[in-house]
Amino acid sequence: MRIAFPHMGNAYIPLKALVEELGLEAVVPPRPSQHSLKEGSKHAPEFVCLPFKVTLGDCIAALEMGADTLAMVCGMWACRFGYYGRTQHLILRDLGYRFESLLIGREQIGEVLEKLKNAVGRGWQKKLARALRLFRAKARAVDELERMAGEIRPREAVKGAADRLLETSLSRLEAASTLKEIRKRAEEARTAFLEIPLSEGPVARVRVVGELYVLLEPALNLDLVRRLAWNCRVEARPVLSTYRWLLHPVWLDPKLNLESYWARRKARPYLPQVLGGEEHMTMAGALTARREGYDGLIHALPLTCMPENICRTILPELCEKLDLPLLTLVFDEHTSPAGLDARLEAFADLLMAKKGKATREGRAHIRVDREPPCQGRKRNFA
Amino acid sequence: MDMRDGREAAVVGIPRALAAYKYAPFLVAFLEECGFKAVVSPPTTSSIVKEGSASCVEDICVAVKVLFGQALRLRDGVDLLLVPRPVKVEKRPHDTFTCPKLMAAPDMLRHGLRDLPPVAEFLVSGGREPLLRGCMGLAKKLKIPPWRAYRAYRKAYAAGERYFRLLRSGVHPTKALESAISGGNPEDGLLAAGNGDPTVAVIGHPYLLGDGHVSHHLLERLRGLGARVLTSCMYEGLGGGCIPVPIPPLSWSYERELAESAALLSRRGDVDGILYVTSFGCGPDSLVLEMLRREGIVRPGVPFMELVLDEHDGPSGFHTRLEAFVDMLRRKRRSF
């Protein structure tokens, strides 16, 4: 069984560990790119949301690499995400690919376990338990490293130091195969992160809410978090994380489920019904942003996303009431980095001004910290 | 909530949009029976769509924009806006929903528009008798005694059924709604009359097919081209009889209804072609359409065309496609 799954941020590290610990082979397609997006859009329905197109592109790449089983989460929700797997597999079969579907959902759990049992063989319960433990440990370590990198990135003295470290420690983490080793690698990375030299200067903090996939897949949001950190010295924190997404539905970390419950309670005055997406996290994220020390809110969503578009009609009034600057970013396959940069910079300037830290040095700092390609272009003009 | 402030009866406005195309006759009868004056906003016009689009998110479907426009139109004349919120409208072993935009319609109005009268909701959310439960919730909000609400519900239920019967008999959805709300003879709106050449089955949400302006008077135009028209509204409220093909498990009730009517209509001997009407950016439809085509729910071999509606009114391109489709069906019929 050569199992493949679509990418979402760094979710592939724990997922790969899970599959390999079960004694199966994991096929990891290349990171999503313009190419896989184009490939996916070619075969996807026209009005479907962006994640569908990207993950379809991933599936095609994985099948080309020789995967014989495609795994995908599915469910009976009001959001379209629950039907991704089923529809994508229909499309792929019509394209002539032959493969086994592994649709993981509450309704199909028996079927999935049966398939796993057949593939893994004797002692599958023990193997599955061990694999899940490893999966959780890796997911937690990845999440922690991402979090630390996110905190350091806008404050680092040498641009890119945090990301270089993140990359090496993630690849070392990927190679780790026991719990002890994972713990050791995470500890090493932690100390290394603390040694990164930081620079002085004001940093604005922004909470990022919105649709899960756009929030967490850098290829889709055009590296929103890094752009904000490097170009604007803004620390952007998504309310969602890969860790949350992976462990919330399987109850491997009850804290996440409790968090989700509280978010639903907070969102209830605005959205009393469950809409199937991450709308409760969006609303709760906006409602608690001020109290938790954020200066602004970024709402990111793919074009035609249903739950987030509903939030989008509600958020402007809410943010005005909360006195919270709001920037809405809608992503589709045509979003250009230049337009995004202009909007982000304007928003960051506004935040800095609002924070009362728009001193001359502060502003100068933002300008100095520009991305190198921009300087290169200037040189060409001269 | 006491809104009568000295006047005869409080006025409750129902925007003619989204789920109102299912529940308006029922709600009007219920409210009138409870001593309110119920007003359904007038049919959509281009200025309503324009106002709605200006006050709403850009990439949401045209039906929500119509809802916003209709609510703005009602704003000044009414004491209360009433918007249906269908959530669980059928009994199934699994969870069922409607489109998130229907489920959050009252919330979007409450928080998305300023200076609106208070927005009440009619929640349809499961239970043994979902409509009765919704009525009781509404009665509590409007301070109607339960016994009175129950009596009104019985009358309203009959009115709702009358409306569904009209739809099932093949009356034009707009005319059926009009005659169910304000009385009048719906006979002249019979779409399925005659032995037209060809017969076209039109599948789409009632809030698109019933909205003459948004659908560019699609049904009348088809009649004008000499076609006999069957619509998915004819399967309104039948709730899954004997469907000839397995329908994939769908948690969206209304889309499931559409898929079922597509399966039934495409297998009728007298249907020559199928038109699927959807709106730009419709979430559920984008995937359901794919399933319809790829899983053989629409009988393979039946001509099938998809028409996408949006808020831009320029019907000529739309009409060209319709004419071409009808011509093609006619030619196909003659060649046999």
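This is a predicted model: local features need pLDDT of at least 70, side-chain atom pairs count only at pLDDT 80 or more; totals for chains, interfaces and linings use all residues.
Residues are numbered from 1 along each chain as its sequence is written, chains are lettered from A in the order in which they are written, and side-chain values use heavy atoms, with hydrogens and water left out.

Between domain 2 and domain 3 of chain A, 19 residues of domain 2 are in contact with 21 residues of domain 3, where contact means heavy atoms within 4.5 Å. The area buried between these two domains is about 1,700 Å², and carbon and sulfur atoms give 54% of it. Buried area is the accessible area (1.4 Å probe) that two parts lose on being put together, summed over both. On the domain 2 side, Arg153(A), Pro154(A) and Lys159(A) lose the most area to domain 3, together 33% of what that side buries.

The rule finds 4 salt bridges across this interface of domain 2 and domain 3 of chain A; a salt bridge is a side-chain nitrogen of Lys or Arg within 4 Å of a carboxyl oxygen of Asp or Glu. Arg226(A) forms a salt bridge with Asp163(A), and their closest N and O atoms are 2.5 Å apart.

Which elements give two or more residues to the side of domain 2 that touches domain 3? They are helix H6 (124–152) and helix H7 (161–175) of chain A. Helices (H or I, at least four residues) are DSSP runs, numbered from the N terminus. H6(A) gives the largest share of that side, 9 residues.

Leu271(A) lies in the loop between helix H12 (254–267) and helix H13 (279–289) of chain A. Leaving aside neighbours within four places in sequence, Leu271(A) is in contact with residues including Met283(A), Ile310(A), Cys311(A) and, from chain B, Ala104(B) and Asp107(B). Leu271(A) and Cys311(A) are 40 residues apart in sequence and 8.5 Å apart in space, C-alpha to C-alpha.

Asn231(A) is found in helix H10 (residues 224–232) of chain A.
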